[in-house]
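Try each task before you read the solution.

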Amino acid sequence: MKKTILLLICALSLAAAAVACNLPLSPRGTPEPTPTPDYGMVWYQGEGMQILLPDTYVARNIQDDLPGILAAIRSFIGEGDSPLSSLVDNLEGNVAWWGYDAGAPAVSPVQLLIIKNESLEKSPVSLIGTALRLFLGRNAESLQTTSYTKDRRDITCFSYAHENTGWQAYVFKEQGMLWVVLFITPPANLAAQQVYFDYSVNSMLIAPAATPQP
């Protein structure tokens, strides 16, 4: 009797194992891909580049606004002799895009200046940080620096907010040029615009340098 019961248990165990082996495996849920954020931006064409910006941005004529462009650069690097002084050379040739966000409230305007510079392409980006700190002097503690890589592009971001002055500058090298993307806006607006500034800079497309014709 006991042998019969043991044989029956063994048979049931083997049958259960066989059925289990033939059962389809429980499908594992496929992780949903993280969607790319869509901030409703549109492409703007500049000199040798393209950038995604909110459709409220307005491009300005470089020739008409040279004093304003110079003031924007000076707010970034200061007056007088500086390792970055070549940023003010050949402004008409080196400014890739200049304009502002017409949709921003009057209390928090945003200006955007994009500069390309061949002479600074060989300079280490750390030199720019040093020059900025020298210019800012006692206010250098308000300068924040972060670096990251996006699609094989090494980008250094400098952010400054002190009293009524605020700006965020993205610096990277591409196609034999040093590129500076400078957003100027009051300090209270920097944090609110951070994600949009990052998105725009990460979207930038730089055109290959033109090959001189023989």
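**Exercise 1. Work out whether Y39 is buried, partly exposed or exposed in this predicted model.**

Solution. Start with the number: Y39 has a relative accessible area of 31%. Buried would need under 20% and exposed over 50%, so Y39 counts as partly exposed. Next, find its place in the chain: Y39 sits in the loop between α1 (2-22) and β1 (41-46).

**Exercise 2. Describe the surroundings of L132.**

Solution. First, locate L132: helix α4, residues 125-136. Then check its accessibility. The value is 0%, so L132 is buried. Now list what L132 touches, skipping residues up to four places away in sequence: F76, L84, L143, F158 and W167. Take F76 from that list: it lies 56 residues from L132 along the chain, yet their C-alpha atoms are 7.6 Å apart.

**Exercise 3. Find what the side chain of S203 reaches.**

Solution. Go to helix α5, residues 187-203, where you'll find S203. With a relative accessible area of 12%, under the 20% cut-off, S203 is buried. Its side chain reaches the backbone nitrogen of L52 at 3.0 Å. Leaving out residues up to four places away in sequence, S203 touches W43, Q50 and I51 as well as L52.

**Exercise 4. Decide how far to trust residues 1-29.**

Solution. Over residues 1-29, though, pLDDT stays under 50. The model also gives that stretch zero contacts beyond four places in sequence. Since pLDDT is the predictor's confidence in each residue, read residues 1-29 with caution.

Conventions. Residues are numbered from 1 along each chain as its sequence is written. This is a predicted model: local features need pLDDT of at least 70, side-chain atom pairs count only at pLDDT 80 or more; totals for chains, interfaces and linings use all residues. Side-chain values use heavy atoms; hydrogens and water are left out. pLDDT is the predictor's confidence in each residue, from 0 to 100. Contact means heavy atoms within 4.5 Å. Helices (H or I, at least four residues) and strands (E, at least two) are DSSP runs, numbered from the N terminus. Buried means under 20% relative accessible area, exposed over 50%, partly exposed in between (1.4 Å probe, protein chains only). A polar contact is a pair of N or O atoms within 3.5 Å; within protein, one must be able to donate a hydrogen and the other to accept it, and residues adjacent in sequence count only if both atoms are side-chain atoms.
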